[in-house]
Amino acid sequence: MPEQTELVDLVKSLVERVHALEDVQELNRLRAELPRRINEGQWDRVGELFSHSAHLDYQHLGQASGRAAIQEYFASLPGLIQQDKPDSQLLVKQFVHGHEVELSGDRATGVSFFEERVVFDDESAMVAGRFSDTYVREDDRWLFVRIELDLYWVLPHHEGLVRKTPSAKG
């Protein structure tokens with residue numbers, strides 16, 4: 001009965017592949033949920049997406065370890081962004097794309113790129129960079145266990161992305 005054995009192996013393989021696809025889909029949802037909460041002004045709910053032992057490294061913008069500290073960090077982030085313009089209305093919109101995931105059992109890694117607009121009353125900035133994430137499945141739910149930010153640029157919108165050529169001496 002080699003045919004039956006082949007069929008059993010095929011079904012097992014297909015089940016494993018479906019589970020992997022479901023995991024990737026859940027990780028894509030998780031990665032999208034973080035900027036969604038930021039975009040909706042739910043800064044105080046971002047920490048729910050992290051494991052208790054998580055670590056956040058946003059370079060010069062700060063680091064935090066543990067869900068509670070990460071929660072505090074995100075809740076205070078609008079104030080940090082606004083510190084140079086305290087009387088200004090703040091609007092932050094972040095867009096993440098190009099999310100690639102690699103699975104390894106109950107752990108996974110992901111890389112995504114982002115663009116962000118930070119708008120004050122009288123000026124705005126363009127922000128871009130890359131997130132390198134590590135995920136863990138806890139209690140049948142995927143969570144961030146680490147996020148590292150690699151910031152590409154923060155530019156005032158009116159300057160745009162231009163290369164300035166050196167002026168000719170002469």
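Which residues make the nonpolar surface patch of about 430 Å²? Select Leu 7, Leu 10, Val 11, Leu 14 and Val 15. Nonpolar patch members have over 30% relative accessible area and no salt bridge, and their side chains are joined within 5 Å. Areas are Shrake-Rupley values with a 1.4 Å probe.

Before going on: this is a predicted model, where local features need pLDDT of at least 70, side-chain atom pairs count only at pLDDT 80 or more, and totals for chains, interfaces and linings use all residues. Residues are numbered from 1 along each chain, and side-chain values use heavy atoms, without hydrogens or water.

Stay on Leu 14, in helix α1 (residues 2-39); helices are DSSP runs of H or I with at least four residues, strands runs of E with at least two. Leu 14 is partly exposed at 41% relative accessible area (buried is under 20%, exposed over 50%, partly exposed in between).

Now pick Phe 50 and Phe 74. Their ring centres are 6.2 Å apart and the planes sit at 35 degrees, so the pair is tilted (pairing needs centres within 6.5 Å; under 30 degrees is stacked, over 60 edge-to-face, the rest tilted). Phe 50 is in strand β1 and Phe 74 in helix α2 (residues 67-81), so the pair links parts 24 residues apart in sequence. Phe 50 is buried at 0%, and Phe 74 is buried at 0% too.

Key
Patch = residues over 30% accessible without salt bridge, like charges linked within 9 Å, V, L, I, M, F, W, Y side chains within 5 Å. Salt bridge = Lys/Arg side-chain N within 4 Å of Asp/Glu carboxyl O. Buried < 20%, exposed > 50% of the residue type's maximum accessible area, 1.4 Å probe, protein only. Phe/Tyr/Trp six-rings, centres within 6.5 Å; stacked < 30°, edge-to-face > 60°.
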